[in-house]
Amino acid sequence: MLRLRGLTKRFGGLVAVNEVSLEVREGEIFAVIGPNGAGKSTLLNLICGLLRPDAGSLEFQGRDLTQAPPEVRAWHGLGRAFQIVQPFPEMSVRENLLVGALFGKPRTPMSKAKKVVEEVLELTGLAPKAETPAHELTLLEDKRLELARALCTQPRLLLLDEVMAGLRPAEAMEAVELIRKIRASGVTVLFIEHLMPVVRALADRVVVMDYGQVIAQGVYDEVAANPRVREAYLGRSA
Ligand SMILES: Nc1ncnc2c1ncn2[C@@H]1O[C@H](COP(=O)(O)OP(=O)(O)OP(=O)(O)O)[C@@H](O)[C@H]1O
Ligand SMILES: [Mg+2]
């Protein structure tokens, strides 16, 4: 579904993402892990188009989108949820989602957008909060709203950057259930996560980054047993 070849991003002398090649298969849940500063968020920004690579290519569903701006990627089905949630605070949950549904794809009719919003409210468990202004939500509900907003753009591949950050363990496990439901609804998921129990519970495959490079990939147990991965994590306070 997604193929990265030799993707590279430099910030001055720092190579934040260094010749990363990987493939995400349709229908899987794919995790990107690695110590602080490894280049995970930069990689996600390259995938959603907030950053352009210095080298390499990106193909999504057979289309070369290496130079495509973020909105074009979104139209083709690349959806993104952010760690810092920024809803319109005075608008209700339903209104916030309607904005996502109307503008995620070009020329979405209001009737279609409303239908998508109702489906996403059900899927994410936000239906009881539909009329609540966004500023009255709890942190967990905020995270659900951010996921829901991304889903309203009708992604084929959903990109998540540490969406569980700040959640208590029980809340994180609720979020795990939600991400499973999202995948069951037909959406492929690529997520960055620091919480190893979450990675273990969710990921079909894991890629490990360190200093901008992919140092290991495979199923969780393989990767967790890899000496290079253990060294990357033990050597620093990540
Ligand atoms: N816009 C930028 N300008 C300059 N340097 C940057 C920029 N964005 C990231 N970096 C640097 O690139 C490297 C990779 O950063 P990135 O945020 O991708 O890491 P990360 O793996 O997401 O880390 P974390 O786990 O802390 O979120 C870091 O050294 C960071 O300081
Ligand atoms: Mg990051």
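Tutor: A cavity is a set of points on a 1 Å grid, laid over the protein atoms alone, where a 1.4 Å probe fits but cannot get out. A pocket is an open set with protein on both sides within 12 Å along at least five of seven lines. Lining residues have an atom within 4 Å of a point. Points join across faces, edges and corners, and the volume is the space filled by probe spheres set on them.

The model is predicted: local features need pLDDT of at least 70, side-chain atom pairs count only at pLDDT 80 or more, and totals for chains, interfaces and linings use all residues. Residues are numbered from 1 along each chain as written, chains are lettered from A and ligands numbered from 1 in the order written, and side-chain values use heavy atoms, without hydrogens or water.

How many cavities of 30 Å³ or more does the search find? It finds two in the whole structure.

Now the elements. Helices (DSSP runs of H or I, at least four residues) and strands (runs of E, at least two) are numbered from the N terminus. Helix H5 (139-152) and helix H6 (169-184) each supply at least two lining residues of the largest cavity. H5 gives the most, with four.

Where does the largest cavity lie? Domain 1 (1-77 + 156-238) and domain 2 (86-154) both give residues to its lining, so it lies between them. The domain bounds come from an automatic or database assignment.

Compare an open space. The second largest pocket holds about 230 Å³. Residues lining this pocket include Lys112, Val116, Leu151, Pro155, Arg156 and Val187. Helix H4 (residues 110-124) provides the largest share, five residues. By class, the lining of this pocket has six nonpolar, two polar and three charged residues. Each of domain 1 and domain 2 gives at least three residues to it.

Next, the surroundings of ligand 1. There are 13 residues around it (a heavy atom within 4 Å). Asn36, Gly37, Lys40, Ser41 and Thr42 are the closest. An N or O atom in the side chain of Lys40 is 2.7 Å from a ligand oxygen. For the side chain of Thr42, the distance is 2.6 Å. Gly39 uses its backbone: an N or O atom there lies 2.9 Å from an oxygen of ligand 1.

Last, a sheet. Strands pair if DSSP finds at least two bridges between them. Four strands form an open sheet in the order S2-S1-S4-S5, paired antiparallel. S2 and strand S5 (63-64) are at the edges, each with a single partner strand, so one side of each has no neighbour in the sheet. Strand S1 (residues 2-11) and strand S2 (residues 14-24) share seven bridges. Leu4 has Leu22 in S2 as its bridge partner. Two residues lie between these strands in the hairpin, where Gly12 takes a positive phi near 60°. Strand S4 (residues 55-60) and S5 pair over two bridges.

Notes: A polar contact is a pair of N or O atoms within 3.5 Å; within protein, one must be able to donate a hydrogen and the other to accept it, and residues adjacent in sequence count only if both atoms are side-chain atoms. Ala, Val, Leu, Ile, Met, Phe, Trp, Tyr, Cys and Pro count as nonpolar, Asp, Glu, Lys and Arg as charged, and the others, Gly among them, as polar.
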